[in-house]
Amino acid sequence: MADILTALHAEECRAVFITSDRGLGASTILRRLVEVSIEQVPVLTVHGSQSLARIPYGVLAPYLVGMDTCSGDSRLGVLRQLLSEIERLRENLKDNRNAELSNRGNLPLVVVDDAHFIDEGTAELLAVLAKTGTINVVLSHSSRDELPEPLSKLWTAGVAENIFLRPLNQEQGHAFCQNMLGGPVLQATSWHFWSTAAGNPLFLYLLVTEAVEQKLLVRRGQTWVGEPQLKVHGRGLEDAVRYVLRGLSVEAQQALNLVALSEPLNVSSFRELVPDTVSKELLDWRLVSYQPPESTFVVLANPIYGEVIRELVPVTQSRLLHEQLVSDLSGDADSKESLLRRVLWAVEVGAEVDDHTMLRAAVLASKMFQSATAIVLADHIVDGQYKLRATMVKARAKYNLGDYRGAFKLMEALLEDGANIDDMLFGSMLRASTRSVLGMSPSTLWTDAQELREAGEKLAKKDPEHANAIRVRSQDGAIIIELMALSRSGNYSKMTALTSLLLAEQELPTDSDRLKLTMALAMDSERLTAQGFPVQGMRRAAEAYAIEHVEENDVYFLPESILLRQLTAVLCAGDWATASNIMEKFSLETGPIVFSFGGGAGVVRGMALLRAGKMTEALDALTAGLQALQLSDPQQLLGYCTAMAAYAAAQLGQVELAVRLVAEHVESTGMFVVVAHERAFVSAAMHVLEPDGGALAELLAQADAARDSGSAMLELNALVLALELGESSVVERVAQVAAAVEGSWAACMAQYADAVHRRDSNALAQAGDFLEQAGVLGFAQRAFKKSASLRGNSTTAHKMALKARKNQRKVVASLAPSNASDKAGAKQLLTKRELQVASLAASGMSDRDIAQQLTIAARTVEGHLYRAYTKLGISGRDDLADVL
């Protein structure tokens, strides 16, 4: 709307064309334009119609009432009638406003919807009136249809602007759902609707509406949540798709059915099965497209088309197509999506699929979080040699759905059913992971490890030829489970010997070897982080992620397990920019991973903001994370998120909220490096709420326990929280511990604590500079205040803060991956939307104003600004103008 109004007020512009596909909101925008303009200028509305497209001036009929019928086809008569109508509207406006309308900027406005369906005469008349400066024209037209030539010439003449409507991006889709439903929406739910609609606002609106009507989308607490396997097939969607397909040739409709049933379809098969004229029609109508980035597959342009068309094609016709084409398509399932769609097609029509292929498809469905589909496919597997893997797939699917007990029940008998070492290893590790989610004692993992060794020994006796390999692999699997147990209990000193055993052999000839090495590296990353070496931990996690695996291994949460440990290392090191980059790289808030990582992104952002001393922003991020984690917490982060939120609320004086969060807190059962941080934040929150309640002593006891176990990072976190709470007795200890810990955060704390211990005002000022440059703003302010106090000058703190901020801007370039002090360098660091939001913020606009201008949520604006601050190495919006 702003673009349209800006264009109309430009000196040289007389027309605005809105080009869009069906459902992107062009008609809605035009209706809104009429609403905002009708009190200002005379407005005529015209609606293009296919039935009137060949009738001269047919679409102008409402304005030609009373015109002499003998001159009904006269251009001059029509012109006079239109000008008369415009003058009548102008007089009405004068009467209503009791003021004279100015000529400039208040030209009469003609709004034309579906302008590709107006006749040549009307188009020529409007073009002439626009070119002569008599009227402004705003029109919409379909991207697949040409405008009548007289109107298109306005563009050539340079008096028209063309605005292309695009589908909503994921961020806009989330805001759309929240605005439509009037409250918070679970990120995974909005992602599902947005991705299913491919960002099309009409389809998105219909999906949400029909899901609410069918009670598949409900409010839980304050948050709207969709059923995990949400599939909506309502009449509204069917009618919308039928409207899109209206006028399509029979041959093109049949070809579209084929693509819908088999997509993604290899380009070579598409060209062989579909005549050129028909494929051109489908492409021209924008019903199919080439799948990026390689463009080797053809897919439907919108997933909704497939959902609806597959429902509309009769089963008999679908089966006939399958029987006719299955041989032609048999070698075409070389993409994962192709394989899954072909297997589903076969299942739908009752065709046979071998169990090996069925298992592959079930695994893919599980990885793509199509959990109900995965269970259905796994249930079709009857061959005994694949039965165990099928059970594992079902267990992972139930895990995805949050049915952890259901997943564990399926796992309980796996070892007894194991016919080979691969199945035994796989089942044992998945069962061990599920035990952790259910909060079972680490001792159960030690039992699992021993049972795996015993089962391996039995299997070795049954297979003497491979006995040695079976014993080695069962021993390796048992060690991995024991590492899980040590991770849970926090006994990191004992992990070194076990990981060394697994890391001794670097050759990776088998899938099992790759899995073993990956797990060893991931566990070693966690150990290094806990013991005070997070930079080395980051490198270990990166090594683990670089190892490629077969699809089945990913069922055991391999990517998520590594990613969680990598982010833990990054955050403990104080590398906020890298944490932000990882969240963007792996799309933790977009795409299917929102299901498995849950509200983890809010936890990451919340911890970074707490470290920065930004309590208000941290609480906002953590509250959003809580809403998601309370519904699904596969990575066991809810307890940590609750603990940090309670601490932030307590520090902000939100006592009632903090008390409630402490009362609701249930300790997590994940890796101990997270649990230890969680315990420390709970104790810190309780101390703020009740200073004499003994929570500070508990916090210091946690630091002592971490020291005794050799976990320097955990000790430092507890000590720094105590220091933040005003416990000055730990200053010297903080300096000593921090000096031995890796990472910029520890280095900052070491310099600060040492300066405080020595009561050196200059050292404190320098520490303040260092802390602020690293984004640790809370302690930076403390350093400046202490330095000023030691100097005895009340104005010094303010001056030093200004000086530190100026110095910070100078070092932005060295903190950023590229030259952020240069304007072009800064732009390279930010995404397009981040730069857009940051530029508006730098100009002085508030978050709310930016949100309104860009039609996004205020919280989304805050997220973009946070990522921009992190990437640019600055502390807040005050620094944006200089950096940009």
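1. Let's start with strand β7, residues 223–226. T223 and V225 point one way from β7, W224 and G226 point the other way, and all are buried. Buried here means under 20% relative accessible area, exposed means over 50%, and partly exposed lies in between (1.4 Å probe, protein chains only). Helices (H or I, at least four residues) and strands (E, at least two) are DSSP runs, numbered from the N terminus.

2. Before going on, the housekeeping. This is a predicted model, where local features need pLDDT of at least 70 and side-chain atom pairs count only at pLDDT 80 or more, while totals for chains, interfaces and linings use all residues. Residues are numbered from 1 along each chain as its sequence is written, and side-chain values use heavy atoms, with hydrogens and water left out.

3. Who does β7 pair with? Its partner is strand β6 (residues 217–220), in the antiparallel sense and over four bridges; two strands count as paired if DSSP finds at least two bridges between them. L217 has G226 of β7 as its bridge partner. The two strands make a hairpin with two residues between them, and G221 in the turn has a positive phi of about 70°.

4. Now the open sheet: five strands in the order β2-β3-β4-β1-β5, with parallel pairing. At the edges sit β2 (43–47) and β5 (160–164), each pairing on one side only. From one strand to the next the twist averages 15° (axes are lines fitted to C-alpha atoms, for helices over the stretch in contact, and angles run from 0 to 180 degrees between N-to-C directions).

5. Within that topic, have a look at strand β3 (residues 109–113) and strand β4 (residues 136–142), which pair in the parallel sense over four bridges. V110 belongs to β3 and stands opposite V137 in β4. With a relative accessible area of 4%, V110 counts as buried. The C-alpha atoms of V110 and I135 are separated by 7.0 Å, with the two residues 25 apart along the chain.

6. D114 is one for your backbone checks: phi is positive, about 55°, although D114 is not a glycine. D114 lies in the loop between β3 and α4 (120–131), and its relative accessible area of 26% makes it partly exposed. R759 also goes on the list, with a positive phi near 50° in a residue other than glycine. You'll find R759 in the loop between α39 (744–758) and α40 (761–773), where R759 is exposed at a relative accessible area of 61%.

7. One for the omega column: the peptide bond from E263 to P264 is cis, with omega near -5°. P264 is in the loop between α10 (250–262) and β8 (265–266).

8. How many cavities of 30 Å³ or more does a search of the whole structure find? The count is five. Grid points are joined across faces, edges and corners, and a volume is the space filled by probe spheres set on the points.

9. The largest cavity holds about 310 Å³ of space. Its lining has 20 residues, and the closest to the centre are S433, S436, S561, R565 and Q636. The elements giving two or more residues to this lining are α21 (421–437), α23 (467–489), α25 (511–530) and α28 (558–573). By class, there are ten nonpolar, eight polar and two charged residues in the lining of the largest cavity (nonpolar is Ala, Val, Leu, Ile, Met, Phe, Trp, Tyr, Cys and Pro; charged is Asp, Glu, Lys and Arg; the others, Gly among them, are polar).

10. The second largest cavity has a volume of about 150 Å³. Of its 15 lining residues, T568, L571, M607, Y640 and V674 are the closest to the centre. α28, α31 (600–612) and α35 (672–689) each supply at least two residues here, and α28 gives the most, with five. The lining of the second largest cavity divides into twelve nonpolar, three polar and no charged residues.

11. Last, the cysteines: the structure holds zero disulfides, a disulfide being a pair of cysteine sulfur atoms within 2.5 Å. C641 is buried at a relative accessible area of 0%, and C748 is buried at 1%.

Conventions
1 Å grid on protein atoms, 1.4 Å probe; cavity = no way out; pocket = protein on both sides within 12 Å on 5 of 7 lines; lining within 4 Å.
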